[in-house]
Amino acid sequence: MAYEQEYQQFAWKLPDSNSKLARISRLFSNPSFIFVYRDICAIANRKQSVQNITLVEAMKSSLTAYNRIVKFVEKNDYPALHISYEKLLQDTQGHLRQIADFCDIDVTGSLIDQASRAIEASPKIYTQWVDISRQIHLLNKAGFDGYIDKVSENLVSGWFLQKGSDQPVTVELLVNDHWVADFLCEEFRGDLITAEKSVTGKAGFRIPVPKGTLARSDTVSVRPKGHSTSLFSIF
């Protein structure tokens, strides 16, 4: 991999990748794994809100994911560190030192302090991610796909498409649920072709935002014209 050529060490995190651990392990020459386990009910509550399923269904899904991890660890001898999310919150610095030792990273007390301050239970950015994930799930069910890549003072950019169609989608831009503009998503995005999201790649948008429209903590939404389900981001 290009990353291995450029970096001696690098990390990657994606919880839902537990179903592809064997494949992921083959992508790297010397992989190590850090598994963080959280209370099943807490995980299920998040999944329930994102995927619109029952709590019991979400708990079954979480147990299945943990079972995949256990089977992977049993079958392979890759270096692995197992951490309890709840205990990490109780002893943040101790667990950070444990992670540093596992990764063979020399750390100072000041770096541990700095990292500790970045760890909190259900941080705002995480809850926003949960909300965004829920919206993407609902958008997919409605036959659409998309993502807001960037929100700045004068521009909102990303991509939006209708599944199974090569025709560009017209979207509405809203700020705090107030309409701002309509825009046709027809800018070429080669990455969408690579990801097999689009045949033509013509699904990108770069929507100019009038000066003074956005203020900090405003909610920016993009939705297909004539529909209520939207993508959103926080400025």
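I count a disulfide as a pair of cysteine sulfur atoms within 2.5 Å. In general, such a link is a covalent bond between the sulfur atoms of two cysteines. I searched the whole structure and found zero disulfides.

**Ground rules.** I am working with a predicted model, so local features need pLDDT of at least 70, side-chain atom pairs count only at pLDDT 80 or more, and totals for chains, interfaces and linings use all residues. I number residues from 1 along each chain as its sequence is written, and side-chain values use heavy atoms, with hydrogens and water left out.

**Cysteines.** I looked up cysteine 41 and cysteine 185. For exposure I use relative accessible area: buried is under 20%, exposed is over 50%, and partly exposed is in between, with a 1.4 Å probe and protein chains only. Cysteine 41 has 33%, so I log it as partly exposed. Cysteine 185 has 0%, so I log it as buried.

**Whole protein.** I took helices (H or I, at least four residues) and strands (E, at least two) as DSSP runs, numbered from the N terminus. The protein has nine helices and ten strands. Its C-alpha atoms fill a box of roughly 50 × 45 × 40 Å along the principal axes. Of its 235 residues, 33% count as buried.

Next I checked contacts, meaning heavy atoms within 4.5 Å. Among contacts with a separation of 6 or more, 55% come from residues 24 or more positions apart.

For surface I used accessible areas from the Shrake-Rupley method with a 1.4 Å probe; for residues, only the protein chains shown count as cover. The protein exposes about 15000 Å², and carbon and sulfur atoms supply 51% of that.

Then I turned to charge. I count Lys and Arg as positive and Asp and Glu as negative, leaving out His and the chain ends. I place each charge at NZ of Lys, CZ of Arg, CG of Asp or CD of Glu. The protein has 27 positive and 27 negative side chains, and the centres of the two sets lie 4 Å apart.

Strands of a sheet pair through backbone hydrogen bonds, either parallel or antiparallel. I call two strands paired if DSSP finds at least two bridges between them. Four strands form an open sheet in the order 3-4-8-7, with antiparallel pairing. The edges are strand 3 (144-151) and strand 7 (187-188), each of which pairs on one side only.

I followed strand 4 (residues 155-162) to strand 8 (residues 202-208), where the antiparallel pairing runs over five bridges. Serine 157 has arginine 206 in strand 8 as its bridge partner. Tryptophan 159 stands opposite glycine 204 in strand 8. Strand 7 also pairs with strand 8 in the antiparallel sense, over two bridges. There, phenylalanine 188 has lysine 202 as its bridge partner.

**Glutamine 162.** I found this residue in strand 4. Its relative accessibility is 36%, so glutamine 162 counts as partly exposed. Leaving aside neighbours within four places in sequence, glutamine 162 is in contact with Gly143, Phe144 and Val169. Glutamine 162 and alanine 142 are 20 residues apart along the chain, with 9.0 Å between their C-alpha atoms.

**Positive phi.** Most residues other than glycine have a negative phi. I noted two residues with a positive value. Asparagine 176 has a phi of about 55° and is not a glycine. Asparagine 176 sits in the loop between strand 5 (169-175) and strand 6 (178-185). At 33% relative accessibility, asparagine 176 is partly exposed.

Glutamate 196 has a positive phi near 60° and is also not a glycine. Its place is in the loop between helix 9 (190-194) and strand 8. Glutamate 196 has a relative accessible area of 74%, so I log it as exposed.

Isoleucine 40 lies in helix 3 (residues 40-51). With a relative accessible area of 18%, isoleucine 40 is buried. Beyond neighbours within four places in sequence, isoleucine 40 is in contact with Met59, Ser62, Leu63 and Tyr66. I also checked isoleucine 40 against valine 220: they are 180 residues apart in sequence and 33 Å apart, C-alpha to C-alpha.

Aspartate 101 lies in helix 6 (residues 92-102). Its relative accessible area is 61%, so aspartate 101 is exposed. Aspartate 101 and arginine 189 are 88 residues apart along the chain, with 42 Å between their C-alpha atoms.
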